[in-house]
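Have the structure open while you read.

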Amino acid sequence: MNPRIKICGLLDPGMAKCSAELGADAIGLVFYPPSPRYVEAATAAQIVAALPAFVSSVGLFVNADVTFVRNVLAKVPLDLLQFHGNETPEYCRQFGRPYLKALRVTPDLNLVECAQRFVDTLCKGILLDAFVEGVPGGTGEAFDWNLLPEHLPLPLVLSGGLHSGNVHEAICKVRPWAVDVSSGVESSRGIKDAAKIAAFIKSSREKSA
Ligand SMILES: O=C(O)c1ccccc1NCC(=O)[C@H](O)[C@H](O)COP(=O)(O)O
């Protein structure tokens, strides 16, 4: 089965619409102020409004104050939340919304045990990303896919350093439910590139051997 494709870190309605037209299944909005991809709630609402039916909007937070998340939720009709910091299962569940929990892969992290803590009806998947000290995500770095277990107790969203040149190999090796990309479809930090998005989606949909 083709994995779903999420393009993360959209900054304007035009590129969000373009991503959807090129075949993206979801777009990500970064509500983490230090990120070059940070988007204000008012702009995020315009981006979500530009999406056609059946393209999901994902709102990304990193160890955010509960009030900050609630304020965003009041202004932006997000389909899914993505928690990219050290959030606990209790923290993630309190919003009563479907969510993804991101984990950053290191050789000593027991991914199955960590993922198991989040299993419930609201947690729709585990997003696995590279670990880079001091930068919670969007680093453009890949992790060693050999560190992945055979099976996770939740759908796996593979991210970290993916681009059109490695995503097909990643999909064949890991068989994720979805892939997620940010830096690999940018011309410079934070600036999405339609040609790179098109190439990424084409490579993701290549037939596997
Ligand atoms: O994109 C960011 O700037 C970001 C900042 C802080 C936490 C998470 C962030 N992005 C989360 C994503 O879902 C990215 O797509 C994921 O980390 C992969 O990024 P990349 O390696 O650049 O493709």
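Which hand does the crossing of H1 and H7 have? Hold that thought for point 2.

1. A word on the model before we start. This is a predicted model, where local features need pLDDT of at least 70, side-chain atom pairs count only at pLDDT 80 or more, and totals for chains, interfaces and linings use all residues. Residues are numbered from 1 along each chain as its sequence is written.

2. Start with H1 (residues 13-22) and H7 (residues 194-204), whose axes come within 10 Å and cross at roughly 30°. Axes here are lines fitted to C-alpha atoms, for helices over the stretch in contact, with angles running from 0 to 180 degrees between N-to-C directions. That angle makes H1 roughly parallel to H7 (angles under 35 degrees count as roughly parallel). As for the hand, the crossing of H1 and H7 is right-handed (the near helix is turned clockwise from the far one by less than a right angle).

3. Now find the touching residues. On the H1 side look for Cys18, Ser19 and Leu22; they meet Ala194, Ile197, Ala198 and Ile201 in H7. Contact means that C-beta atoms, placed from the backbone, lie within 7 Å. Sorted by class, the contact of H1 with H7 has 6 nonpolar, 1 polar and no charged residues.

4. Next, H2 (residues 41-49) and H3 (residues 66-75): their axes come within 9 Å and cross at roughly 40°. The crossing of H2 and H3 is right-handed.

Technical notes: Helix = DSSP H or I, 4+ residues; strand = E, 2+ residues; numbered from the N terminus. Parallel < 35°, antiparallel > 145°, perpendicular 65-115°, else oblique. Contact = placed C-beta atoms within 7 Å. Nonpolar A, V, L, I, M, F, W, Y, C, P; charged D, E, K, R; others polar.
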